[in-house]
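Please look over the sequence and the structure shown here before reading on. The report that follows takes up a sheet, a residue and a helix in turn.

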Amino acid sequence: MNKRFPGTNIVRPDKSSQIHRAGWVILNPWQIIENGYVKIENSIIKEVSRKKISSQYSKYDFVDHGSGVLMSPLVNAHTHLELSCFKDRLDMENGFETWVRELINLREKTDTKVIKENARQSVNELYNSGVLYVGEVSTTGITRRIFEQSPLSGVWFQEFLGSEVANEESVLNGAQGELNFSVAGHAPHTTAPSLLKLKKKQTNLKNLPFSIHVSESDAEMEFIKTGKGKWADFLKTRGIDSSSWNLPQQSPVIHLLNHDLLDPLTLMVHVLNPDNKDFEIIAESGAKVCICPRSNMNLHGKLPNLEKMLDIGIKPALGTDSLASCDSLSIFDEMHYIVQNYNNIKPSILIAIATQYGADALGIGDHTGSLEPGKIADMLYIPVQAKTETELLEKITGYEYD
Ligand SMILES: [Zn+2]
């Protein structure tokens, strides 16, 4: 349940002709209608208006949600549900390497049943907090069936890492609707460029997004820039040979660029340590970005430069990362955290980040992400009371919440 707005729920109209009314309808953050009506046929939005229903609409089922707001469901563009069972069990005070080592240790000792049970609970947590679209990343593959059987949509990514080209499994589908299956590379400092290139090629052929963690930890930065250091030693202990990875490179972003891994279907997760040149490269490539501010603060003690991203035209998505590094999977919580920790982010932009930009990052933005006519009629109802558009957006994003 969403703590701030008990009674928040996702509305998924069936194929019948329906009209939904609410005190407010947010088509997108720049088009908001007070006392709005959403006309739906065949689960697709046909019209959004302020008009009262005329008699010609008598064949439509009518649903009055009340004085709150109907808007597009939230997007959590980066999760790892297989790590949910490690909530509050890992040390986040002693740096990223300690956290990674503890995670690997604990994962080896944990029963698959426990992992699945916690992942299922997380699915409920996401859905009940207004998130319908998710970018779920799984190394073990355990969460695929859970995700398939859940009410969630978005993209499920099979993640690859290391230096070996794994046995081919047909995990990908062609991009086709609200739920897609794709692959992800773990990160530039954990995965051989040859493997990343192979996987990226496969996803491009199917027009699917390719997710990868980039520019997150200091250890990653040192390793990519020198080819040496703590991370190089750590890879050796894991039996991963990085001698053919073309290192050093100027930065993880340049490393990806040099291996043709940056294009509009790439979803770069974190982007916590880029310099100005990196930012320019990302913006020019059209690659998508997903930021995870709470996880970054917990693991690395700093925040992504969201203002700079927006300034140069990057439209980031929002993710929580896993419960192993973040308190909740709620995008309401993540928005509220941004409100508390950044000064110049407008509520309208924050709503776009949590909806349309997230949908675009997952490659489903043409038919989700807003309530504009032509899009799928999945909606989020929030029982929030507001007198003006500004108050409405501020309440949703958490400006008036401690
Ligand atoms: Zn992650």
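In which strand is Val214 found? In this predicted model, Val214 belongs to strand E11, which covers residues 210-214. Val11, by contrast, is 203 residues from Val214 in sequence and 35 Å from it in space, taken from C-alpha to C-alpha.

Strand E11 is one of eight strands that form an open sheet with parallel pairing, in the order E7-E8-E9-E10-E11-E12-E13-E14. Strands E7 and E14 stand at the edges with a single partner strand each, so one side of each has no neighbour in the sheet. Within the sheet, E12 and E13 pair in the parallel sense over three bridges, and Val269 stands opposite Cys290 in E13.

| Element | Residues |
|---|---|
| Strand E12 | residues 266-270 |
| Strand E13 | residues 288-291 |
| Helix H7 | residues 252-258 |
| Helix H10 | residues 306-311 |

Helix H8, residues 276-285, has Asp278, Phe279 and Ile282 among its buried residues. Seen down the axis of H8, the buried residues fall within an arc of 100 degrees, so they line one face of the helix. Their cover includes H7, E12, E13 and H10, whereas the face turned away from the buried side carries the exposed residues Asn276, Lys277 and Glu284. Just after H8, Gly286 takes a positive phi of about 75 degrees.

Notes
Residues numbered from 1 in each chain as written. Predicted model: local features only at pLDDT ≥ 70, side-chain atom pairs only at ≥ 80, totals over all residues. Pairing = 2+ DSSP bridges. Helix = DSSP H or I, 4+ residues; strand = E, 2+ residues; numbered from the N terminus. Buried ≥ 20, exposed ≤ 12 C-beta atoms within 10 Å, placed from the backbone. Arc of directions from axis to C-beta. Contact = placed C-beta atoms within 7 Å.
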